[in-house]
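Thanks for coming. I have one structure to go through today, so please bring it up on your screens.

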Amino acid sequence: MWWDSMKSFAASTALLKRKLGAAVVRTDADSLHAAAFDSSKILFAPVAVIQPAKEADIGVVLELANKHGVPVTTRGRGTTLTGAAAPLRGGWVLDMLGLNTIAIDEDAGMAHVQAGAKVGDIQRAAEAKGWFYPPDPSSKEYCTIGGNIACNAGGMHGGKYGVTRDFIVALRGFLPTGEYVEWGTATKKFSAGFNMRDLRIGSEGMLGVVTGAVLKLIPQPAERWTLLTSFPDETKAL
Ligand SMILES: Cc1cc2nc3c(=O)[nH]c(=O)nc-3n(C[C@H](O)[C@H](O)[C@H](O)COP(=O)(O)OP(=O)(O)OC[C@H]3O[C@@H](n4cnc5c(N)ncnc54)[C@H](O)[C@@H]3O)c2cc1C
């Protein structure tokens with residue numbers, strides 16, 4: 001049975017290669033190995049790694065995957081420690097790193113980013129224009145904003161400013177069945193209708209693929225202070 005599904009995945013992969021091209025659908029040993037595990041180091045072999053050239057490619061991938069029953073695992077930078085980015089059921093890994101544009105809207109105080117943009121790069125782009133994007137997982141020099149949205153990541157700034165969820169204004173992407181969707185709007189006030197945007201945040205890739213987001217920025221703090229102190233025990237510290 002396992003061999004039958006591997007054979008059928010291979011046939012679907014050949015079809016996908018014809019649709020999107022060999023530069024997008026990678027089956028070489030190095031690409032397959034690099035996408036086989038995340039920071040949990042649990043290893044499962046995919047049949048192909050898809051590096052979309054444009055967001056619309058993802059709709060094509062998901063439609064075909066549904067038609068042929070191929071499992072798809074979305075991957076940012078693979079820094080999750082949970083195994084969620086490892087292709088547990090084989091199939092296709094959707095590698096988002098190539099979709100990484102960042103545009104800062106200085107007037108609105110928002111960042112328009114693609115899912116594969118590195119979080120550290122988003123912070124630097126915002127700071128260059130006088131704005132601040134606070135969520136700061138320790139992995140920010142590696143991880144993607146898509147991964148942060150999927151895991152609702154947060155870091156040391158979380159206590160004061162909040163986590164990724166608190167800075168998402170709008171999302172776009174594809175449902176697992178391949179339909180394109182947009183949730184939220186790039187406005188400061190968003191109150192009408194169901195809040196499908198927040199359902200996606202923290203869903204760890206299970207509700208489809210995020211391809212882009214609009215992030216809220218805040219003015220840069222006038223000063224930054226670091227305080228180092230020590231206490232004899234936890235109760236006194238609290
Ligand atoms: C050294 C180190 C330090 C860390 N520090 C922190 C920390 O301080 N705070 C914290 O919260 N986490 C931390 N993490 C965990 C990890 O970095 C975060 O969970 C991060 O958000 C994962 O981003 P990624 O791009 O690597 O995503 P991946 O690991 O590739 O994927 C994580 C999950 O997101 C899904 N996913 C990825 N991209 C998309 C997308 N575009 N659409 C839909 N689903 C998607 C994947 O399918 C998977 O389920 C740390 C990890 C390491 C190794």
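**Salt bridges, a sheet and a surface patch**

I'll start with a pair of charged side chains: Glu106 and Lys129 meet in a salt bridge, with N and O 3.6 Å apart. Glu106 sits in the loop between β5 and β6, and Lys129 in the loop between α4 and β7, so this pair ties together parts that are 23 residues apart in sequence. Glu106 is partly exposed, at 42% relative accessibility, and Lys129 is also partly exposed, with a relative accessible area of 42%. Please keep in mind that this is a predicted model.

How many salt bridges are there by this rule? The count comes to 10.

Next, helix α4. Arg124 forms a salt bridge with Glu141, and their closest N and O atoms are 2.9 Å apart. Arg124 lies in α4 itself, while Glu141 is in the loop between β7 and α5, so parts 17 residues apart in sequence are tied together. Arg124 has a relative accessible area of 44%, which means partly exposed, and Glu141, at 31%, counts as partly exposed too. This pair belongs to a network: salt bridges with shared partners join Lys118, Asp121, Arg124 and Glu141.

A further pair is Arg172 with Glu55, where the closest N and O atoms are 2.8 Å apart. Here the linked parts of the chain are distant: Arg172 is in strand β8, Glu55 is in the loop between β2 and α3, and 117 residues separate them. Is Glu55 buried or exposed? Glu55 has a relative accessible area of 14%, and the limit for buried is under 20%, so Glu55 is buried. Arg172, at 25%, is partly exposed.

Now the sheet. Four strands form an open sheet in the order β1-β2-β4-β3, with mixed pairing. The edge strands, each pairing on one side only, are β1, residues 25-26, and β3, residues 72-75. Strands β3 and β4 run parallel and are joined by 4 bridges. Within β4, Trp92 is the residue opposite Val72. Helix α3, residues 56-68, packs on this sheet and touches β2, β3 and β4; the direction of α3 makes about 165° with that of β4.

Last, the surface. Phe194, Met196, Leu199, Met206 and Leu207 form a nonpolar patch there, with about 570 Å² of accessible area together. One of them, Met206, is in the loop between α7 and β10. Its relative accessible area is 64%, so Met206 is exposed.

Technical notes: Residues are numbered from 1 along each chain as its sequence is written. This is a predicted model: local features need pLDDT of at least 70, side-chain atom pairs count only at pLDDT 80 or more; totals for chains, interfaces and linings use all residues. Side-chain values use heavy atoms; hydrogens and water are left out. Two strands pair if DSSP finds at least two bridges between them. Helices (H or I, at least four residues) and strands (E, at least two) are DSSP runs, numbered from the N terminus. Contact means heavy atoms within 4.5 Å. Axes are lines fitted to C-alpha atoms, for helices over the stretch in contact, and angles run from 0 to 180 degrees between N-to-C directions. Patches are made of residues with over 30% relative accessible area and no salt bridge: like charges are joined within 9 Å, nonpolar side chains (Val, Leu, Ile, Met, Phe, Trp, Tyr) within 5 Å. Accessible areas come from the Shrake-Rupley method with a 1.4 Å probe; for residues, only the protein chains shown count as cover. A salt bridge is a side-chain nitrogen of Lys or Arg within 4 Å of a carboxyl oxygen of Asp or Glu. Buried means under 20% relative accessible area, exposed over 50%, partly exposed in between (1.4 Å probe, protein chains only).
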